[in-house]
Amino acid sequence: MNAPLISGDLAATEADVSPATIRKWVQLGHLEAAGRQGRRAMYRLEDVFAAERSVRLGHAT
């Protein structure tokens, strides 16, 4: 079963960071959009949490 995709705003809420932080993780290569809904990037929640762990532990991808 495919995991549902969530918006960057919801991803930020779930990870307790700002939407700008989600965009920065994408820019730095820690997080990749799993799809698009119109122009909006959509993410898997598990990928958001993996990016959060990576950033908090100081690992570069």
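User: Which residues of helix 1 (residues 8-15) are buried?

Analyst: Gly 8, Ala 11, Ala 12 and Ala 15 are the buried residues of helix 1, where buried means under 20% relative accessible area, exposed over 50% and partly exposed in between, with a 1.4 Å probe and protein chains only. They cover an arc of only 100 degrees around the axis, taken from the directions from the helix axis to the C-beta atoms, and therefore lie on the same side of helix 1. Helices here are DSSP runs of H or I with at least four residues, and strands are runs of E with at least two, numbered from the N terminus. This is a predicted model, in which local features need pLDDT of at least 70 and side-chain atom pairs count only at pLDDT 80 or more, while totals for chains, interfaces and linings use all residues. Residues are numbered from 1 along each chain as its sequence is written, and side-chain values use heavy atoms, with hydrogens and water left out.

User: Why is Val 48 called buried?

Analyst: Val 48, which has its place in helix 3, has a relative accessible area of 0%, and because buried means under 20%, the term applies.

User: What does Val 48 touch, not counting residues up to four places away in sequence?

Analyst: With contact meaning heavy atoms within 4.5 Å, Val 48 touches Ala 11, Ala 15, Ile 22, Trp 25, Leu 31 and Tyr 43. The C-alpha atoms of Val 48 and Trp 25 are separated by 9.1 Å.
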